[in-house]
Structures are given as structure tokens and as C-alpha cells.
Amino acid sequence: MPLDPEVRASLEQQAAMGLPAQHEVSPEEARAMSEGQPRIPGPEVASVSDLAAPGPHGDVPVRVYVPVIHPHPLPGGEGNEESLPVCVWFHGGGWVVGSIATNDPTCRALANASGAIIVSVDYRLAPEHRFPIPLDDCYAAMEWAAANAASFGGDPSRLAVAGSSAGGNLATAVALRARDEGGPRLAHQSLICPVVDKDFRRVSYVENGEGYGLSYDTMVYFWLCYVSGEADAFNPYAVPMAAADLSGVAPAFVLTCEYDPLRDEGEAYAERLREAGVPVKLSRYDGQVHALFNAGVPFTRTWDAINEAAGELRKAFGTA
């Protein structure tokens, strides 16, 4: 399918601004560019709480979004008529940029659309904190959400993980670790344009490596920032496609975009899950680019993507 005209106009506008790519500036400058990007505020939710989860490298900031359908949201969850499912969200940004703040509109939209409490995780960033530190933060936050769900009106028996791009990588790795380490049982993993491989030879890298927002060069840079050496390329918690066995991980929803360098690896991972007997739904958004799943800077089809992911969460939680 041709590139969506709305997406094309946005890409042309960005190109005309002449801003440097994220790999052409320091991590601090890239983060400032990301944080300073104008965003549409997200929808109102019932409540938002900034909390902290203990982790092996220190406390991990988390933001808890209770959706508007919650009957009587109160601090600590007291008085709620019904506990809600919980989805732990890991932001994208190549492990180098992104934060709770940049993902606030998306988490608000996903909470209301799914009817689930969203726990957004502000994990430590690379290259200052390389693998496995960001993953350790995310896994600790997931464990904390499971142990403390009742305190914010959540149901620990209905727990999912989700993330976009590098956050999809972290969600995938958290699901693998939960299986391997006998961690909390996950009902679902939602992987949005996920980074699951370190193979830059895939066709989608060749076709979409330049001119569609996320570039080949930027992804190479992100990987160099995240991993410490070649050994990490064979660690399935860094590179999920390297896992020898995917059986027994949580059922998955995988979303890909046609004009995304990461398209092929996401689709290949969905196929590997299917071959391992894991229930999986794959959904490709033709005409779209990697930045689709961003409610702060949305395209028209952004809302379709968020609603589809939310619908899959509802199915997994038995609330569809």
C-alpha cells in the first residue's frame, strides 16, 4: 500500500525542519528533543498516581493510571466496587530516550480504551545504564505491580505487559523472564512494533531504513548504546529472537507497520510464537510508520491501533 498521505505530509514537515537525527546528537540532547516535542494532552482518567517500585538498582518510578470506568477510585484503592486488570507499560525510545512524561497521552488513552489500570515504568536509560539494567528495572516493576495491585484497585490475577519499540523488547524479555524464573503469571503480552532481533539485513531494514522516521543508522546506534558486547547478541533477554524455546510464554498481540525497519522481525517473532504453540495475533498496519502508536502526536489510524491493542487486552482479561 502507498504511504498514508497524512503520514507522508508529517514526514515531509519533519524533514523540512532540518532537525538532527537522534544518533547524531548526545543522549542528553536527544532526550531534550524528545521531551520538548509538542504533544496533544491525553484524555482524563479517573486517577493518576506517581509511585516507586523497589528494584535491584534502586527505586524505579512508576505512574499508575486508573481508567474512567473505575467505579469509585480512591487513594489506595479503598472503596472500589471492583478490582481492575493491570497492564504494565514500557515506553519506547531505543532504550536511550523516552519517559513516563512522553508516554503520558498514550497511557491515558490505553487505560480508558482497555478498561485496565496502566502502570507506566520509568526505567533507567542507556548508555549510562546498559543491558540488563533497564530490563531489571522493568521486571522489578512488573513484580511490584503484581504484589501491590490491590493497593491501587488492581487484580493481580489479571496481569499483562506491553510496550512499543524498545519497550516492546522489554515487554518481550519480561515475559520470557517471568516464564523462566517462575514469576507472576502473565495473561498477555502486547508488543507494538517491537525490537526483537539484532539483524540489520532483513528486507524491512533495506526497504525502510531511511526516510520513514526511524532509520537504519539510528537503530544501529540504539543497539550500540544498549548492549555491552557481542555476547549480549546471543542473550534472549536482550535479543528475544535468540531464545531457543518460546513455548510457555504469555499469549501475545504483535502490531507491525508496513514502512518500519522493524516490521519483519516483529512478524518473524509472531511466527516463532505460533510455532511454539503460543496463542498470538499479528496485525500489520499498511501505509503506516514506526511512530504510529503515539497518542501525543497521533495520526488518524493511531486510534485504530490503540483501540485494537486495547481490545486484545480486554479479550485476555475476559472483559471484552
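How many aromatic pairs does the rule for ring centres give here? The count comes to 11 aromatic pairs, where rings of Phe, Tyr and Trp (its six-membered ring) pair if their centres lie within 6.5 Å, with planes under 30 degrees apart called stacked, over 60 edge-to-face and the rest tilted. Here are my notes on this predicted model.

1. **Ground rules.** Residues are numbered from 1 along each chain as its sequence is written. The model is predicted, and local features need pLDDT of at least 70, side-chain atom pairs count only at pLDDT 80 or more, while totals for chains, interfaces and linings use all residues; side-chain values use heavy atoms, with hydrogens and water left out.

2. **Confidence.** Over residues 71-80, however, the pLDDT is below 50. Beyond near neighbours in sequence, this stretch has 19 contacts in the model, a contact being heavy atoms within 4.5 Å. Where pLDDT is low, the predicted coordinates should not be read in detail.

3. **The aromatic cluster.** Ring pairs link Trp-95, Phe-131, Trp-223 and Tyr-226 into a cluster. A pair of aromatic rings is described by the distance of the centres and the angle of the planes. For Trp-223 and Tyr-226 these are 6.4 Å and 55°, a tilted pair. Both residues lie in helix α7 (residues 216-226), three residues apart, about one turn of the helix; helices (H or I, at least four residues) and strands (E, at least two) are DSSP runs, numbered from the N terminus. Trp-223 and Tyr-226 are both buried, meaning under 20% relative accessible area, with exposed over 50% and partly exposed in between (1.4 Å probe, protein chains only).

4. Trp-95 sits in the loop between β3 (84-90) and α3. Its phi is positive, about 65°, although Trp-95 is not a glycine. With a relative accessible area of 0%, Trp-95 is buried.

5. **The loop between β4 and α4.** Arg-124 and Asp-137 meet in a salt bridge of 2.9 Å, N to O. Arg-124 lies in the loop between β4 (117-121) and α4 (133-148) and Asp-137 in helix α4, so the pair ties together parts that are 13 residues apart in sequence. Asp-137 counts as buried because its relative accessibility is 0%. The peptide bond from Ala-126 to Pro-127 is cis, with omega near 0°, and Pro-127 is found in this loop. Another cis peptide bond joins Phe-131 and Pro-132, with omega about 10°; Pro-132 also lies in the loop between β4 and α4.

6. **Glu-207 and Arg-263.** The closest N and O atoms of this salt bridge are 3.2 Å apart. Glu-207 is in helix α6 (residues 203-208) and Arg-263 in helix α8 (residues 263-275), 56 residues apart. Glu-207 counts as partly exposed at 45% relative accessibility, whereas Arg-263 is buried at 7%.

7. **The loop between β6 and α6.** Asp-197 is in the loop between β6 (188-192) and α6 and counts as buried at 11% relative accessibility. Leaving out residues up to four places away in sequence, Asp-197 touches Arg-202, Trp-223, Val-239, Met-241 and Glu-265. Cys-193 lies in this loop too; its phi is positive, about 45°, although Cys-193 is not a glycine.

8. **Gly-296.** Which residue lies 4.7 Å from Gly-296, C-alpha to C-alpha, while 256 residues apart in sequence? That is Ile-40. Gly-296 is found in the loop between β8 (280-289) and α9 (302-317) and counts as buried at 2% relative accessibility. Setting aside neighbours within four places in sequence, its contacts are Pro-38, Arg-39, Ile-40, Pro-105 and Thr-106.

Conventions: A salt bridge is a side-chain nitrogen of Lys or Arg within 4 Å of a carboxyl oxygen of Asp or Glu. pLDDT is the predictor's confidence in each residue, from 0 to 100.
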